[in-house]
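The following exercises concern a protein structure and are to be worked through with the sequence and the model at hand.

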Amino acid sequence: MSITGLIYISVVTAGLFLLQWKQLRDPKSKAVFAALMVVMWALAVVVAYDPTLPGPYQLVETVIGAWIRDSN
Amino acid sequence: MPKTFISAFQLCVLMFLSLMGTAFLTEVSSAAPTAGHDLWVAPIWGLAGGLLCIFSWISLHNRYPGMSLVQYADRIVGPVVGKLLSLLFLFYVTYATAYMLRQFCDFINISFLMRTPPIALAFCLILLSAIIIRCGVEVLCRLAVFFLPFPFLLCALIFWPLYKDLKPILPLFENGLLPSLQGAFVLQTWYAMFSLITFYLPSVGRNQKIKGWSVTSTVMLCLMLVIVNWHVASFLRHATELYLYPVMVISRYSSFSEFFEHLESIAMMVWVVLVIIRVSYGYYCLATGMGQWFKLPDLKPVVIPMGMLLLIFSFWGMQSSLQVTINRWIVPAFYIACAIVLPLLLLLVDLFRRGIHPNKKATEPSLSKDEAEGAAL
């Protein structure tokens with residue numbers, strides 16, 4: 001991933017964060033929102049850095065695939 | 001946040017419409033390799049799975065009125081296991097919605113907008129869906145009712161000009177019942193999506209009508225799948241399983257009296273609308289479920305993060321949406337486990353613990369402050 005990609009993801013996340021943050025009143029909502037946004041930003045950076053990283057599809061394929069015999 | 005109510009009819013239309021868009025797109029190519037000639041019979045067998053799914057979720061809701069899976073799973077199997085099961089179901093919702101989103105973006109990228117990166121298309125769809133979700137469930141349902149004629153219009157537009165070329169598909173059950181039953185298993189990928197009803201049921205105003213309308217929705221989906229499969233198999237014959245998007249191929253052949261050509265552009269317009277409704281259908285469940293999981297008073301704080309999660313899931317570890325179809329049994333098996341087996345297990349545990357007719361005191365326990373806020377979502 002190039003530095004441009006990192007900046008792009010960070011700017012979009014920060015923009016969305018600021019857009020929503022102003023509308024939140026409840027402290028618990030603010031805390032959950034901030035935590036989720038940080039996690040999503042980190043995930044986005046990791047996935048953009050290495051898109052071939054095993055993800056949810058590979059997880060399902062491994063777990064469910066262990067129970068199913070392929071008859072293709 | 002004021003609680004909004006929707007009618008059973010609106011929910012029925014929403015479920016039907018959200019599934020039709022993707023059914024037109026990839027259902028035929030998913031079922032054709034297994035069902036072969038009996039492609040059009042497969043949805044009829046698959047209907048049993050859809051009805052079982054609907055009835056199990058409605059039965060659970062009747063035992064815990066006004067609550068969704070995230071709220072009553074805690075009460076049925078305890079807080080720790082309940083939270084884990086809720087998280088598994090939310091993972092399934094995310095997986096299904098993100099996979100569908102990726103399929104559609106790949107489809108647009110292959111067929112129409114070849115220079116546009118799929119992530120840009122996905123971002124636009126998610127942004128639009130986020131706006132709809134923030135407006136509330138009522139807006140989403142009214143949108144679905146407004147666009148109800150679209151799948152019928154699409155069917156008429158694509159299949160009407162072909163009637164002179166259609167021939168009966170014979171022989172029926174050439175290789176026995178197994179191919180069509182296998183096709184029905186694959187089609188559970190669509191019927192399983194009725195499980196998302198658990199997050200909409202608390203918003204339905206008149207609960208006594210919900211069973212009838214839900215069955216109507218399932219049967220309507222089955223009929224539309226039969227119609228689409230029959231037309232495609234009748235027109236493309238043995239070539240059906242060679243195409244990735246057979247309905248799109250047919251729409252390119254169609255023309256009205258040699259005057260209206262390129263009907264695929266109109267078909268595409270209808271598809272975009274249907275897919276936005278489908279994304280919003282799953283996105284709303286994800287946002288509501290996550291809001292209830294964290295016991296938030298409102299779903300707005302989780303709308304944007306969940307949109308980002310859908311976007312990330314649709315590209316994470318997947319070069320193309322075709323990659324997931326390598327083993328065609330895995331996705332339907334996962335969907336069946338989450339949409340049919342999970343509610344049946346919960347129902348069984350609840351029946352064992354509280355009996356067939358739980359008394360009203362048990363169904364309406366005193367809610368804690370946090371749970372009351374979660375229930376208001």
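**Exercise 1.** Determine how many residues of chain B are in contact with chain A, and describe the interface between these chains.

*Solution.* 
Step 1. In this predicted model, 36 residues of chain B are in contact with 36 residues of chain A, where contact requires heavy atoms within 4.5 Å.
Step 2. The two chains bury about 3,200 Å² between them, and 71% of this area lies on carbon and sulfur atoms.
Step 3. The search for salt bridges across the interface of chain B and chain A gives zero, whereas nine residue pairs are found in polar contact.

**Exercise 2.** Identify which elements of chain B give two or more residues to the side that touches chain A, and classify the residues of that side.

*Solution.* 
Step 1. The elements are helix 4 (79-111), helix 5 (118-135), helix 12 (300-313) and helix 13 (330-354) of chain B.
Step 2. Of these, helix 12 of chain B gives the most, with ten residues.
Step 3. By class, this side of chain B has 26 nonpolar, five polar and five charged residues.

**Exercise 3.** Describe the largest nonpolar core and the surroundings of B:Tyr92.

*Solution.* 
Step 1. The largest nonpolar core has 152 residues. Those with the most contacts inside this core are B:Leu11, B:Phe24, B:Tyr92, B:Trp271 and B:Tyr335.
Step 2. Helix 11 (residues 264-293) of chain B gives the most to this core, with 17 residues.
Step 3. Leaving aside neighbours within four places in sequence, the residues in contact with B:Tyr92 include B:Met193, B:Leu196, B:Phe334 and B:Tyr335.

Technical notes. Residues are numbered from 1 along each chain as its sequence is written. Chains are lettered from A and ligands numbered from 1 in the order in which they are written. This is a predicted model: local features need pLDDT of at least 70, side-chain atom pairs count only at pLDDT 80 or more; totals for chains, interfaces and linings use all residues. Side-chain values use heavy atoms; hydrogens and water are left out. A nonpolar core is a set of buried Ala, Val, Leu, Ile, Met, Phe, Trp, Tyr and Cys residues joined through side-chain atoms within 4.5 Å. Buried means under 20% relative accessible area, exposed over 50%, partly exposed in between (1.4 Å probe, protein chains only). Helices (H or I, at least four residues) and strands (E, at least two) are DSSP runs, numbered from the N terminus. Buried area is the accessible area (1.4 Å probe) that two parts lose on being put together, summed over both. A salt bridge is a side-chain nitrogen of Lys or Arg within 4 Å of a carboxyl oxygen of Asp or Glu. A polar contact is a pair of N or O atoms within 3.5 Å; within protein, one must be able to donate a hydrogen and the other to accept it, and residues adjacent in sequence count only if both atoms are side-chain atoms. Ala, Val, Leu, Ile, Met, Phe, Trp, Tyr, Cys and Pro count as nonpolar, Asp, Glu, Lys and Arg as charged, and the others, Gly among them, as polar.
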